[in-house]
Amino acid sequence: PGVDMNRGATGRQANLTPPLFLCLQDLSCIDDLSTNSLFSSPADSLSEYADAQSFISTDNLDTVPTLWDVNTSTTTTPAQSQLEVSSKHSQHMPQPEEEEDAEEEETEELGHVDTYAEYKPSKSTIGISHPDIVVETNTLSSVPPPDITYTLSIPQSTINSGLLSALQLEAIIYACQQHEVILQNNQRAGFLIGDGAGVGKGRTVAGIILENYLKGRKKALWFSISNDLKFDAERDLKDIDAPNIPVHALNKIKYGDTATSEGVLFATYSALIGESQAGGQHRTRIKQILDWCKPDFDGVIIFDECHKAKNATSTKMGKAVLDLQNKLPRARVVYASATGASEPKNMIYMSRLGIWGEGTPFRTFEDFLHAIEKRGVGAMEIVAMDMKVSGMYIARQLSFSGVSFRIEEIGLDSDFKLVYNKAAKLWAEALQVFMRAADELGLVSRKSLWGQFWSSHQRFFKYLCIAAKVRCLVELAQKELGAGKCIVIGLQSTGESRTREVLDENDGHLDRFVSAAEGVFQSLVTKHFPSEKQRREKAPGNKRKRKPRGRQPKVPKHTVDSGGVINISDDSSSDSDGMDTDSNSSPDSLENDDVIFVNHTSCQTGTMGFCNLFRPLEGPLSRIEEMKQGLLNKISELGKELPLNTLDELIDKLGGPDKVSEMTGRKGRVVRRPDGIVRYESRAEQGLTIDHINIKEKDRFMGGEKLVAIISEAASSGISLQADKRIKNQRRRVHMTLELPWSADRAIQQFGRTHRSNQVTAPEYIFLISELAGERRFASIVAKRLESLGALTHGDRRATESRDLSKYNFENKYGTKALDKITKAILGHIENKVPPPKGYPGGEAMFFRDMKLGMMDVGIFCREPRFGISTEKDCSITKFLNRILGLEVHKQNYLFQYFTDNFDYLIEKDKKEGKYDMGILDLAPGNDEIYEEKQETFLTVGNPQDGQVVLYKISVDRGMPWDEAYNRSLKLSGRDEGFYLSQKVSNNPCVLLAEQGRGKNFIVYKPNIGKQTHPESLDNLQQRYRKVSPEEARDSWEKQFVFSFKKCSHANWNGKCKKIEEGQECLQGMRLRQYHMLCGALLRVWKRVSDVVSDITSSSILQIVRLKTKQHNKQVGIKIPENCVARVREELLLMDEEVKRRRKEKEQQALEHRLILSCSLLFMTAPPDLLRPHLYPPPPQGL
């Protein structure tokens, strides 16, 4: 057992058995692998992590374990693998026995416990409990919500009948309570409901509207993402016994009409930017809404599914959302969404939370964003906690007990690999042909050409990846159907546009299934192949003046410089198929064009282009037409072997439209009739629109007429497909994700379709990922979003349901660094410490040669050297992961393997040096002897109320008394289990209790530290210890237990400790450990504390920890390293004085204001005779 580093890529993948995913569900593997380094130093400070000798040596790279290496087919735990690696390493570097013991004793500080805690309202006592188990992340459950001061007006009958559950009533109370607060910018505070899909946000929102209606605020605005959800809004109001509140659909009201007097105005986000020119008048929806509300509007505005308003600065819709909030400062704003804000930058529209702006530590949203993004996930977790403490946020979700997750990695058959490799070669050839044609024409700007080329390239291979899974998915689905379950399949692309193109080409007739991949390639060549027309057009962003017509245009620098550098690349904005672009490059800067220059002399392509570039363009046009036609012929040849449209093929193989409920946005489909003939037919049924077709199909699935449902994004919002207790089809749902959505927002929406309240059984989730390395690109996008999403909207980054995928997350600084390393190594610029994967055909030299050529074929490398261009700038991780899809199967797998080896190595290195952000960890998990010794409270600046932080001193008694050890030993029966004494002759020999663990290793208990984190192998034990009876062990055990309470291990072994003699503190192996922890409104002090810690320890990471004390108090806060406590206390005192001074000034001002008022009142009311002596005092005596 343990770690086998000598397997090649295929060996690794074969080893990804389902148990691995169970062990990785909350990434605890990573944490187990890292605990050795994390808290090995006595002073426990972030700067001293490097003291950990037993951590993996960075030089001995054969033994660095990665996530892919944890061999779960045996019973080895990650911690054991780690121990074996460490012990292998320690053979090279002999250590004194005491030092080894010391390190083992010092590794148990932090760990992970279960991510969720069951949720019950802690301060609200009204209402009947929710019908299903609801949970909250441990992090959020560690912080309490504020006290309740608000009194509800919702009738008692609604509460007693359970129309609104206790959970929903709690959210209504806190929202209405927060609405009483006025922020320092004079706007009313808003509230964010972050409840997960299926908890019942709709009813909660309806409850808030009803509460305000009963308080006399009869008008409300409700924004959502689809007009169809108006029916859901009406249903929710009816369900809570408020059918008298009318709901008006804005899209049914004429522009300029503001006649509707009261009720709910329901609109979509897109309606906010609607405008009309009818009758010669320019009217806008937003003005109509403002006219309806009136400027002093203080009713409710609901932003439902508010993640749709994200990117507020860059989209018109987002700007309109901000604008509306600014124009109605007294409105009661509620943001509602399971996905809240998938990344901190998408929080910009939540301007009413009062986290940034006047009176907060962040002057502007940009300051807030910079602080959070710079400090990583930890800071995002703090945001969620801070919001809950302040009473502006609530986030619960249905318990995932009973929900199972698994990833199916699908092997590719040899026929498919053959087709894939042919396609990869043809794309490489197409790149050369495009370049040659562009060179012959002397194209001035190629930005849009390469943009089109690479986005088609990505889409083509994406379709191919998905098609690879169809056979496996059909087999899985039939197996699950046979087991009495029903199937929900989630995908994104329906391939309709290609089907319609073929339909148009054939005058509306279709007698075959269409290949979407072939269509993408064909339309690229047909529409975007370099042409004379493109050469004549002035490209956007090309700011040069046009030359006079009569002269021959010079070859611009943009295309070829004096050294013959061809710029073959594109800008990252075009890389993501237009679906997920995050580009910030300027259009015409060469630096931002992603090119790496390679010195490659043996390349014969492109030379013809060079010659032709420098002569007039009379001849090439016919040759260019020839090239284009040649390419099209090869594509149609390849097209015969390419897979068909996935959606049509799935429906066909699962029994046709009669057996499958399709809920997508497409208007028609290709079907096989009973007589075997293939025809294109419309999806519409008599008089029903596409949206209504989807609702009809949903009813058929829920009624049990059809047992397979296929949903695309069009159906993934607001539709419920769970095994509801009220419907006929109560089979367990198996939710298969054939194609991961492009963003986490959409992923969560899709997964929430099948897991909701009131269900008979929880669903199973299966993610299908093929063994194509590049396909993990799509998983990587979603994993990145989900990781952030769990952190922001649920206060714990391990919370989001598909946490299994986070091991595919490469889009971070480690990914960027790893890419930099591998590109430099492949170019031969550096000697890389990480060896290339074993087993590549032809060995190392061939691997580097093939990868160099391969990366040219996919446009990552360019062909001539030019110095001073750094890889990181020129080739983003997104681009790399996109492009390697275009390599042959074995090449992309080996290259990806090389990349992940480097990625894992960098993470291990950072963990060793204490620079890795671990998220929230538990302090002394499993230990009940945690005491609060001391607490100091400091005031913090707030918006609008001041907050406070508390500095706790915590003691942990980790020892194990003799009685507990003896009772444990009585349960042991193994030959090698029991008490052991050190073989070293000493007055105080080390003593331990060994218990058989999993595999061959033993769990070790010691009197001073309790359970040791890492197990020991029997060989290791027998080398240094001898087995003894309980009687022999007792004396040593009791002595050590008492001695270690306040004394370190050195004093026990040697009778003295050098550090203590030198006047320093030494905590090595002590039973009693002390920690300092800062809790409370942390967001407000984050920057100050972080600056102090990074100043002293040179690490900007603040470790966030959770703990539960002996008195059952839960705490979450920042663990302050011992050597930073004094400075942090000083900083907090300064801030405390500042807040008190400000309060005093305010009180003084208020007092003066009251005096002035009372004086003026006195003047106005007192009789003149009484005032005369004060106004005209008598002259002094003697004058």
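A residue counts as buried when its relative accessible area is under 20%. The structure shown is a predicted model.

Close-up 1. Asp 850 has a relative accessible area of 11%. That value is under 20%, so Asp 850 counts as buried. The side chain of Asp 850 meets that of Arg 849 in a salt bridge. The N to O distance is 3.9 Å.

**Close-up 2. Seven strands form an open sheet.** The strand order is E6-E7-E5-E10-E11-E4-E12. The pairing is parallel. Strands E6 (247–249) and E12 (393–394) stand at the edges. Each has a single partner strand, so one side of each is left without a neighbour in the sheet.

Close-up 3. Strand E7 covers residues 263–268. E6 and E7 are joined in the parallel sense by three bridges. Ala 249 has Phe 266 of E7 as its bridge partner.

**Close-up 4. Strand E11 pairs with E10 and with E4.** E10 (residues 300–304) pairs with E11 over five bridges, in the parallel sense. Asp 304 stands opposite Ala 336 of E11. E4 (residues 191–193) also runs parallel to E11, and three bridges join the two. Ile 193 has its bridge partner in E11, and that partner is Ala 336.

**Close-up 5. Strand E11 is covered on both faces.** In a regular strand, side chains alternate between the two faces of the sheet. On one side of E11 are Arg 332, Val 334 and Ala 336. On the other are Val 333 and Tyr 335. Every one of these residues is buried. With five of its five residues buried, E11 (residues 332–336) is largely enclosed by the rest of the structure.

**Close-up 6. Arg 332 and Glu 180 form a salt bridge.** Their side chains meet at 3.9 Å, N to O. Arg 332 lies in strand E11, while Glu 180 lies in the loop between helix H8 (166–178) and E4. The pair therefore ties together parts that are 152 residues apart in sequence. Arg 332 is buried, at 5% relative accessibility. Glu 180 is partly exposed, at 48%. The salt bridge count for the model comes to 49.

Close-up 7. Helix H37 spans residues 1125–1165. Arg 1141 is partly exposed, with a relative accessibility of 48%. Glu 1145 is also partly exposed, with 41%.

**Close-up 8. Five charged residues join into one salt-bridge network.** The members are Asp 648, Glu 662, Arg 666, Arg 669 and Arg 683. They are joined by salt bridges that share partners.

**Close-up 9. Four lysines form a positive surface patch.** The patch consists of Lys 813, Lys 817, Lys 821 and Lys 833. Lys 821 sits in helix H26, which spans residues 813–826. Lys 821 counts as partly exposed, at 32% relative accessibility. A patch residue needs over 30% relative accessible area, so Lys 821 passes that cut-off.

Methods
Residues are numbered from 1 along each chain as its sequence is written. This is a predicted model: local features need pLDDT of at least 70, side-chain atom pairs count only at pLDDT 80 or more; totals for chains, interfaces and linings use all residues. Side-chain values use heavy atoms; hydrogens and water are left out. Patches are made of residues with over 30% relative accessible area and no salt bridge: like charges are joined within 9 Å, nonpolar side chains (Val, Leu, Ile, Met, Phe, Trp, Tyr) within 5 Å. Accessible areas come from the Shrake-Rupley method with a 1.4 Å probe; for residues, only the protein chains shown count as cover. Lys and Arg count as positive and Asp and Glu as negative; His and the chain ends are not counted. The place of a charge is taken as NZ of Lys, CZ of Arg, CG of Asp or CD of Glu. Helices (H or I, at least four residues) and strands (E, at least two) are DSSP runs, numbered from the N terminus. Buried means under 20% relative accessible area, exposed over 50%, partly exposed in between (1.4 Å probe, protein chains only). Two strands pair if DSSP finds at least two bridges between them.
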